[in-house]
Amino acid sequence: AHLREALGNLFRSVGMRVELFGSTSALIELPAKARGSQCLSVF
């Protein structure tokens, strides 16, 4: 969780729109249209 938040803050600091998820399944539950075209996963 700490790494996820730190990376989210880093990406926001350079102007990127960030949405964080605690698991892959949480991301997959979103409709494909809402996911956008880019995704970065950190395990």
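Tutor: Let us begin with a definition: a residue is buried under 20% relative accessible area, exposed over 50%, and partly exposed in between. Please keep in mind that this is a predicted model.

Student: Why is E19 called partly exposed?

Tutor: The relative accessibility of E19 is 48%, which lies between the cut-offs of 20% and 50%, so E19 counts as partly exposed. E19 lies in the loop between α1 and α2.

Student: Which C-alpha separation is given for E19 and G8?

Tutor: Their C-alpha atoms are 7.6 Å apart in space, while eleven residues separate E19 and G8 in sequence.

Student: What makes E5 partly exposed?

Tutor: E5 has 41% relative accessibility; this value falls between 20% and 50%, and therefore E5 counts as partly exposed. E5 is found in helix α1.

Student: Why is S25 called partly exposed?

Tutor: Because S25 has 43% relative accessibility, again between 20% and 50%, S25 counts as partly exposed. S25 is found in helix α2.

Student: What makes the pairing of S25 and S23 a polar contact?

Tutor: A polar contact requires N or O atoms within 3.5 Å. The side chains of S25 and S23 are joined at 3.0 Å, and the pair is listed as a polar contact.

Student: How do you know that the span of α1 is close to the expected one?

Tutor: Helix α1 covers residues 2–13, which are twelve residues, and reaches 16 Å from its first C-alpha to its last. The expected span at 1.5 Å a residue is 16 Å. After α1 comes G15, whose phi is positive, near 90 degrees.

Student: What is the order of elements, and how many strands are there?

Tutor: The elements run α-α-α from the N terminus on, with three helices and zero strands.

Student: What share of the protein is buried?

Tutor: Buried residues make up 5% of the 43 residues. The accessible surface comes to about 3,800 Å², and 58% of that surface belongs to carbon and sulfur atoms.

Student: Where is confidence lowest, and where is it highest?

Tutor: The lowest confidence is in helix α3 (residues 32–35), at a mean of 64, and the highest is in α1, at 93. For the protein, the mean pLDDT is 81, and 72% of the residues reach 70 or more. Where pLDDT is low, the predicted coordinates should not be read in detail.

Terms used: Residues are numbered from 1 along each chain as its sequence is written. This is a predicted model: local features need pLDDT of at least 70, side-chain atom pairs count only at pLDDT 80 or more; totals for chains, interfaces and linings use all residues. Side-chain values use heavy atoms; hydrogens and water are left out. Helices (H or I, at least four residues) and strands (E, at least two) are DSSP runs, numbered from the N terminus. The expected span of a helix is 1.5 Å times one less than its number of residues. Buried means under 20% relative accessible area, exposed over 50%, partly exposed in between (1.4 Å probe, protein chains only). Accessible areas come from the Shrake-Rupley method with a 1.4 Å probe; for residues, only the protein chains shown count as cover. pLDDT is the predictor's confidence in each residue, from 0 to 100. A polar contact is a pair of N or O atoms within 3.5 Å; within protein, one must be able to donate a hydrogen and the other to accept it, and residues adjacent in sequence count only if both atoms are side-chain atoms.
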